[in-house]
Amino acid sequence: MKKIEAIIKPFELEEVKDALGQIGIEGMTISEVKGFGRQKGHTEIYRGSEYTVDFLPKIKIELVIPDEKLDGAVEAIVRTAKTGKIGDGKVFVSMIDEAVRIRTEERGAGAV
């Protein structure tokens, strides 16, 4: 099993969720997060005063999937979240050794 963590722009969430649903991925966890990468935030003007916004709002998508769905899931996320502009986000993939469904105590890929 693999865990995908994707950091994307907030307005891309629905499109990414729909693209993952089309390839049969149903469960995911969504978090509202803040951060910055190479863009290092930006400056804004509020009531005549300029200030720096260091941490930009992002969405973090986490999902655990069987190995055979990995390539399709990563491709769907990248295809739908890509605008070609700085700040599009990142996708991280890591190994999952074990998963347990609490309700049934089912283990492994069946628990996901």
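From the N terminus on, the order of elements in the protein chain is β-α-β-β-β-β-α-β, that is, 2 helices and 6 strands. Helices (H or I, at least four residues) and strands (E, at least two) are DSSP runs, numbered from the N terminus. The model is predicted: local features need pLDDT of at least 70, side-chain atom pairs count only at pLDDT 80 or more, and totals for chains, interfaces and linings use all residues. Residues are numbered from 1 along each chain as its sequence is written, and side-chain values use heavy atoms, with hydrogens and water left out.

**The whole chain**

Begin with the C-alpha trace of the protein chain, whose atoms fill a box of roughly 60 × 25 × 20 Å along the principal axes. The radius of gyration, taken over C-alpha atoms, is 17 Å, whereas a compact globule of 112 residues would have one near 13 Å; the globule rule is 2.2 Å times the number of residues to the power 0.38. Of the 112 residues, 31% count as buried. Buried means under 20% relative accessible area, exposed over 50%, and partly exposed in between (1.4 Å probe, protein chains only). Among the contacts (heavy atoms within 4.5 Å) with a separation of 6 or more, 71% are between residues 24 or more positions apart.

**Helix H1**

Next, select residues 13-22, helix H1, and display the side chains of Leu13, Val16, Ala19 and Leu20, the buried residues of this helix. They lie on the same side of H1, because they cover an arc of only 135° around the axis; the arc is that of the directions from the helix axis to the C-beta atoms. An α-helix has 3.6 residues a turn, so residues three or four places apart point the same way.

Select Lys82 in the loop between H2 and E6. Lys82 is exposed, at 62% relative accessibility.

**Glu105**

Finish in the segment after strand E6 (89-95), at Glu105. Is this residue buried or exposed? Glu105 is exposed, with a relative accessible area of 62%. Although Glu105 is not a glycine, its phi is positive, about 65°. Most residues other than glycine have a negative phi.
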